Amino acid sequence: NELGIYDMSGNVYEWCQDRKGSYSSSSQVNPTGAASGSYRVRRGGYWSSSARYCRSSDRSSSSPGYRDFDLGLRLVLSE
């Protein structure tokens, strides 16, 4: 994509640092969700999801202790 990030969706849901919560209705760059809360955001779909979930804009949440075969994370190196 335009950020140079590859394979953004379709393998596993990805844990995000964001907490579950509504985004502000104003225009934002890199919104982070709620300022507090225990549930964390996961994005995208996984290899067995229907097409509507295999996109980076798909957003759901789980407790931090949630574990399953369809959930992973992405390591990013910033230069």
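Me: How many aromatic pairs does a search of the whole structure find?
Reply: Two aromatic pairs turn up. Rings of Phe, Tyr and Trp (its six-membered ring) pair if their centres lie within 6.5 Å; planes under 30 degrees apart count as stacked, over 60 as edge-to-face and the rest as tilted. Keep in mind that this is a predicted model: local features need pLDDT of at least 70, side-chain atom pairs count only at pLDDT 80 or more, and totals for chains, interfaces and linings use all residues. Residues are numbered from 1 along each chain as its sequence is written, and side-chain values use heavy atoms, with hydrogens and water left out.

Me: OK, what's the geometry between Tyr13 and Tyr46?
Reply: Tilted, with 5.7 Å centre to centre and 40 degrees between the planes. That pair links distant parts of the chain: Tyr13 is in strand β1 (residues 13-19) and Tyr46 in the loop between β2 and β3, 33 residues apart. Strands here are DSSP runs of E, at least two residues, and helices are runs of H or I, at least four, numbered from the N terminus.

Me: And why is Tyr46 with Phe69 called edge-to-face?
Reply: Because their planes are at 80 degrees, with the ring centres 5.7 Å apart. Phe69 is in the loop between β3 and β4 (71-72), 23 residues from Tyr46.

Me: Is Phe69 buried or exposed?
Reply: Exposed, with a relative accessible area of 54%. Tyr46 counts as buried at 15% relative accessibility, and Tyr13 is buried too. The cut-offs are under 20% relative accessible area for buried and over 50% for exposed, partly exposed in between (1.4 Å probe, protein chains only).

Me: What lies over the face of Tyr13?
Reply: Arg42, at 4.6 Å from the ring centre. The charged end of Lys20 sits over the ring of Tyr39, 5.9 Å from its centre. To count, NZ of Lys or CZ of Arg must be within 6 Å of the ring centre and within 35 degrees of the ring normal.

Me: Switching topic, where is Asp58?
Reply: In the loop between β2 (40-43) and β3 (59-62). Asp58 is buried, at 11% relative accessibility.

Me: Which residues does Asp58 touch?
Reply: Tyr13, Arg42, Arg43, Gly44 and Tyr53, leaving out residues up to four places away in sequence. Contact means heavy atoms within 4.5 Å.

Me: Last one, what's the secondary structure overall?
Reply: Zero helices and four strands. Buried residues are 19% of the 79 in the protein chain.
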